[in-house]
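Hi everyone, thanks for making time this morning. Have a look at the sequence and the model on the screen, and I'll walk you through a few places in it.

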Amino acid sequence: MTNAELSHRWKTALMDNYGTPKLSLVSGSGAYVQDADGTRYLDFVGGIAVNALGHAHPAVVEAVSTQIASLGHVSNLFIAEPPVALAERLLQLFGRTGKVFFSNSGAEAVEAAFKIGRLTGRGHMVATDGGFHGRTMGALALTGQPTKRDPFLPLPGDVTHVPYGDVEALRAAVTTDTALLIIEPIQGENGVVVPPKGYLEAAREITRATGTLLVLDEVQTGIGRCGTWFEHQAHQGVEPDLVTLAKGLGGGLPIGATVAFGAAADLLEPGQHGTTFGGNPIACAAGLAVLDTLAANGALDNVKRLGERIREGVEGLGHPLVSHVRGSGLLLGIVLTEPLAPQVQQAAQGAGLLVNAPAPDVVRLMPPLIIGDAEVDTFLQALPGVLDAAHGRSGK
Ligand code: PMP
C-alpha cells in the first residue's frame, strides 16, 4: 500500500472534514515515523502534542498490553484500579486535593467544565478570542475562532469573548454573574500565542474577586509539554478551580480529564454527567506509564533545556524568513516574516521533517518530550535548507 493508494481509499471512505491528508504513516519508533512509501521522518508534530513518549514507547506498550490482558473495560458501574491510581497521581502532581472526571478527549474535558460552570447557577461565561477548546457544542461555544463556530450557530450559553492577553478586557467582562472564565495558558491552535507576563495572575485575582470559576485549558500545554507538569505552575500563586487535560496524558490513547479543586470539585451530583468509556482502564494504565516515565527520567528538565536549544538555534540562524520563536518548553512557534508556513511545512516534509502550520505565519513544533540532543541537531541542521526552499517558492 502506497501513500497515494491509502489517500484514495481515505477519500472514498472517510468524511472530508479534515480534507484528505496526502501522507500515510504506517509505523513509528521514538521520535521517528515511517510512511507508506518507506520514507522516514523526524516527527516534530507528535500526533498534535499527543505522543509525549514518542511512538511505540516500551512503557506504554507494556502497560497497555498488561492491562488489556487482565481487564480491558468495566464501564462506570464498577471501580477499576487504574483510573483511581491515575487520578491520585494527577492530584499529586498538582500538589492539591481535588477530584477528577475522566473522559476521552480534550473537547469532552472542556464540555464537563462547561456543565460544572452551569451548576454554579450563573449563566454567563467568558472566553478568549482565538482560543481553542474543542468541537463539541459546549466546547465550541467557548472556542473563539469564528470559522469553526459560524457554521454551527446558535451555540449554547451566554459567552463573551475578550481579546487574549488583555487584563482590562477581563476586568470589564467578568462580573458576579459570570460562572466561569476559561483560558489557555498559551494558545496552541491559534499559533502558540503567549500572553503578557502577569495575565494568568490577573485572571486569578479577577475571578476570585467575582466568585467566578477559573478554568485553565491545559489540554495542549499540560503533562510536561512546557517544561513543568502544568504550564500554570510556572506562574506563582495561580491556583485554578478547574483544569482540563487530554492529548499527552494518554501517550497516544484517547483520554481526557477535568480536574476540579475546592468547591468546584463537588458541584456535579450523582447522575448529572458521565460517559461509558471515561476512566477506561487501558487508557488510564497508559496515562500512568506516561507520568511514571516522564518523572523517572527527569524528562521535564530536558524539555526546558531542549526547548531553549531549539529557540536559540532557530533564532541564531538569522534567516530572513524567521522573525522569532515563541512558546515554552517543547511547544514552540517559529514566527515567520512572511505568511509561508504551509510552504515551510511542505519543504520540511521533503527534507524528512514533520512540522505543523497552525497559522499562515507560524510553524508549530510539538515533538515528543523524550527527544534528545541528537534529534534537535538533526532538526537544526535541516532547517536552513527548508527555510530557503520555502522562501524560494514565494518567488522572492
Ligand atoms: N483544548 C485545547 C487547548 C486544545 O488544543 C484542543 C485540541 N487541539 C482541545 C481543547 C480539543 O481536544 P480534542 O481534539 O481532543 O477534542
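Let me start with Gln-220, which sits in the loop between strand S8 (213-217) and S9. For the labels, helices (H or I, at least four residues) and strands (E, at least two) are DSSP runs, numbered from the N terminus. What we have here is a predicted model, where local features need pLDDT of at least 70, side-chain atom pairs count only at pLDDT 80 or more, and totals for chains, interfaces and linings use all residues. Residue numbers start from 1 along each chain as its sequence is written.

So is Gln-220 buried or exposed? It counts as buried, because it has 28 C-beta neighbours inside 10 Å. The cut-offs, with C-beta atoms placed from the backbone: 20 or more other C-beta atoms within 10 Å of a residue's own is buried, 12 or fewer is exposed, and in between is partly exposed. Setting aside neighbours within four places in sequence, Gln-220 is in contact with Ala-49, Gly-188, Arg-225, Lys-247 and Leu-331. Contact here is a C-beta criterion: two residues qualify if those atoms, placed from the backbone, lie within 7 Å.

Lys-247 carries the UniProt annotation "modified residue: N6-(pyridoxal phosphate)lysine", from an unreviewed entry. A word on such records: UniProt positions are given in the numbering used here, feature names are shortened, and annotations may be inferred rather than shown by experiment. Lys-247 lies in the loop between strand S9 (242-245) and S10. It is buried because 29 other C-beta atoms lie within 10 Å. Apart from neighbours within four places in sequence, Lys-247 contacts Ala-49, Val-50, Gly-106, Val-219 and Gln-220.

Ile-223 is another non-glycine residue with positive phi, near 55°. Ile-223 lies in the loop between S8 and S9, and it is buried, with 29 other C-beta atoms within 10 Å. While we're on backbone geometry, Leu-153 and Pro-154 are joined by a cis peptide bond, with omega about 0°. Pro-154 is in the loop between helix H7 (146-149) and strand S6 (158-162).

Now the ligand. Which residues come nearest to it? Of the 14 around it, they are Ser-105, Gly-106, Ala-107, Gly-134 and Val-219. A residue is near a molecule if its C-beta atom, placed from the backbone, lies within 6 Å of it. Helix H5 (residues 106-118) gives the largest share of this shell, three residues. By class, the shell has five nonpolar, six polar and three charged residues. In that scheme Ala, Val, Leu, Ile, Met, Phe, Trp, Tyr, Cys and Pro are nonpolar, Asp, Glu, Lys and Arg are charged, and the others, Gly among them, are polar.

The unreviewed UniProt entry also lists "binding site" positions, including Gly-106, Ala-107, Val-219, Gln-220 and Thr-276. Two further "binding site" positions in the unreviewed record are Arg-135 and Thr-275. Arg-135 lies in the loop between strand S5 (124-128) and helix H6 (137-142). With 16 C-beta neighbours inside 10 Å, Arg-135 counts as partly exposed. Not counting residues up to four places away in sequence, Arg-135 touches Ala-107 and Leu-140. Thr-275 is in the loop between strand S10 (256-261) and H10, and is partly exposed because it has 18 C-beta neighbours inside 10 Å. Thr-276 is in the loop between S10 and H10, and this residue is exposed, with 11 other C-beta atoms within 10 Å.

Last stop: a helix pair. The axes of helix H4 (residues 81-94) and helix H10 (residues 281-296) come within 8 Å and cross at roughly 35°. Those axes are lines fitted to C-alpha atoms, for helices over the stretch in contact, with angles running from 0 to 180 degrees between N-to-C directions. By class, this contact of H4 with H10 has nine nonpolar, one polar and one charged residues.

Ala-285 is found in helix H10, and it is buried, with 29 C-beta neighbours inside 10 Å.
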